[in-house]
Amino acid sequence: MSLPTNIKDDFPILRQRFNDTGLVYLDSGNTSQKPQAVIDAMANYYETTNANVHRGSYELAVRATAALEGARAKVARFINAPATAEVVFTKNATESMNLLARSWGGANLQRGDAVVISEMEHHANIVPWHMLVEEKGIELRWIPVDADGHLDLTDLDALLDGAKLLSVTAMSNVLGTLNDIPRLAEAAHAAGALMAVDASQYVPHLATDVQAMGADFVIFTGHKMLGPMGIGVLWARAEILEAMPPFLGGGEMILNVTKEGFTTAEVPWKFEAGTPMVAEAVGLGAAIDYLTELGMDNVRQHEVELTAYAMRTLTEAHGDKITIHGPSEPAERGGVLSFVYEGDSGEVHPHDIAQVLDQAGVCVRAGHHCAKPLMQVLGANATSRVSLYIYNDESDIDQLSAALGSADDMFSL
Amino acid sequence: MPGLEDLYREIILDHYRSPRNEGELETPPAVRADGFNPLCGDEVVVYIDVDDEGVINDVAIGGQGCSISRSSASMMSAAIKGKSAAEARRLISAFKGLMSIHETDIGGDGSEAETGIADSEFSIDNTDDVALGDLEALKGVVKFPVRIKCATLGWNTLAQALDEALPIQ
């Protein structure tokens, strides 16, 4: 089994011409493009179903509510959550992480309590904890990254000693490294800590089973998995969610409000204050249907093959000039390739590479990828990053490689 | 879309490959200011040594970044060395004027008439300094709006350094 060869046809944006050339979109780790099915589902929602949810007493509102809750059920099935009510909708993964830090962290972390993260985290899994360091005096500990871009777990037990939470990415957005989440979760639980997983780069690309991960919290976002921007997910085990205080206050999240106070709605609505992003939930549901139809095993297989092709092609064409960070074995990583380029007269800065590639219609990301602590470890201030998805093929890699050659020419003497 | 030759002019690449005044100065007597572009991770360090007369006797540029931010800082260093702080401040204003772009201009061909950037706004006291000619080469950056922050990074950092060296009374 493999992906359909005409899959690009499902993505209207890829039909556009840029600078007299086709669009080669290699920035899906940043945000993915959307298939027609997702765009249609969202338009259809507004054309046929739109009403506010959970409060209207008319048919249209009932259908809108069913659309929102139906999307929640699709998410739950997609990640093998034990219960649909364990799926909390947020704005994005960053908000999910802040919900975890503010609500769970607010109630459970005291001065001196430790939270363990890793050096390869996205800022979304760093800054909320820094904020608790400042506000509550918690301690933040870091799992180091080794030279091959893997977590160095040598001192894991010491790092976890007395910790309350281990929060780690399932797949690095810079290195592509796939971390052994079940092993980390086991170690965290053995130390009496809970396990949180930033799965933003993982859920779009690999079959996800939150129970097999052994995690207590799993966080991801819709827009990196073919869905729209504006919807994210926090999954957590039901008993943990039950015990957590609310996050934002307002409508939707209450059972009762009096002049003296309020009581909260049930989980998950306790965490969803205000009118939710219903069309975005519908879009995410359509994205999940689309990915399920393709088969996540096929998605993964395609990306491993294309990653191998990309690593081979770039290395053959550019030799020692290109250095690709992260695990050297494609099967051990996701389709994210961060690289530095040493031209004939020194390093070509990622910003300049991205500019020259743009002229050839090739979209890549340049910069620190919201992971400055990791960039320090890598000894780079910036890298260029290619991130692949289902609609990329070998011709995209060939165009990338050719455009890199012209960047080299331009910055050589 | 404008061509890359508008951005990567030969003089820009020359300053990138052979940056002027690269290095550090001892602080004190020099002052140091750090500038960051949080979007891309570029960092520039500007050192200036201002004497009692308010003249910038020496300047050094540290940090790292892309061709546009490095060449702009390099040209800036050449342009301000030996100038008074007041002249340097006028140069900062003039350069930032050169880099300013109005929404209605985006999508145009970037000609002077369209961008509203007339030579008169870039007179910079009409000195004969060669470095001023170099700076004109950065005009093409306005056609690539995402790169304007690269070009202005060094200049904003110089403004910080001047404020530190000569606090406004």
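User: Two strands are taken to pair if DSSP finds at least two bridges between them. In what order do the strands of the open sheet of 7 strands in chain A stand?

Analyst: This is a predicted model, in which local features need pLDDT of at least 70 and side-chain atom pairs count only at pLDDT 80 or more, while totals for chains, interfaces and linings use all residues. Residues are numbered from 1 along each chain as its sequence is written, and chains are lettered from A and ligands numbered from 1 in the order in which they are written. Helices (H or I, at least four residues) and strands (E, at least two) are DSSP runs numbered from the N terminus. The pairing in this sheet of chain A is mixed, and the order is β4-β10-β9-β8-β7-β5-β6.

User: Which are the edge strands of that sheet?

Analyst: An edge strand here pairs on one side only. Neighbouring strands of the sheet are turned by 20° against each other on average, direction ignored, with axes being lines fitted to C-alpha atoms (for helices over the stretch in contact) and angles running from 0 to 180 degrees between N-to-C directions. The edge strands are β4 (87-90) and β6 (139-143) of chain A.

User: Do β5 and β7 of chain A run parallel or antiparallel?

Analyst: Strands of a sheet pair through backbone hydrogen bonds, in either of two senses. A:Ala114 stands opposite A:Ala163 in β7(A). Strand β5 (residues 114-118) is joined to strand β7 (residues 163-169) by 3 bridges, and the two run parallel.

User: Why is chain A called as compact as a globular protein of its length?

Analyst: Chain A holds 13 helices and 18 strands. The globule rule (2.2 Å times the number of residues to the power 0.38) is set against the radius of gyration, taken over C-alpha atoms. Chain A is as compact as a globular protein of that length because the rule gives 22 Å for 413 residues, and its radius of gyration is close to this, at 22 Å.

User: What share of the residues of chain A count as buried?

Analyst: The C-alpha trace of chain A spans about 75 × 55 × 35 Å along its principal axes. A residue is buried if 20 or more other C-beta atoms, placed from the backbone, lie within 10 Å of its own, exposed if 12 or fewer, and partly exposed in between. Of the 413 residues, the buried share is 51%.

User: Which element gives the most to the side of domain 1 of chain A that touches domain 2 of chain A?

Analyst: Domain bounds, from an automatic or database assignment, divide chain A into domain 1 (7-30 + 295-411) and domain 2 (38-293). In domain 1, 23 residues are in contact with 22 residues of domain 2, contact meaning that C-beta atoms, placed from the backbone, lie within 7 Å. At least two residues of this side come from each of α10 (296-318), β14 (336-343) and α12 (372-378) of chain A. With 5 residues, the element that gives the most is α10(A).

User: Which helix of chain B packs on its open sheet of β1, β2 and β3?

Analyst: The 3 strands of this sheet in chain B stand in the order β1-β2-β3 with antiparallel pairing, and the twist averages 15° from one strand to the next. Strand β2 (residues 42-50) is joined to β3(B) by 8 bridges, and B:Val46 stands opposite B:Ile61 in β3(B). Touching β1, β2 and β3 of chain B, and with a direction at about 150° to that of β1(B), the helix on the sheet is α7 (residues 148-165).

Key:
Two residues are in contact if their C-beta atoms, placed from the backbone, lie within 7 Å.
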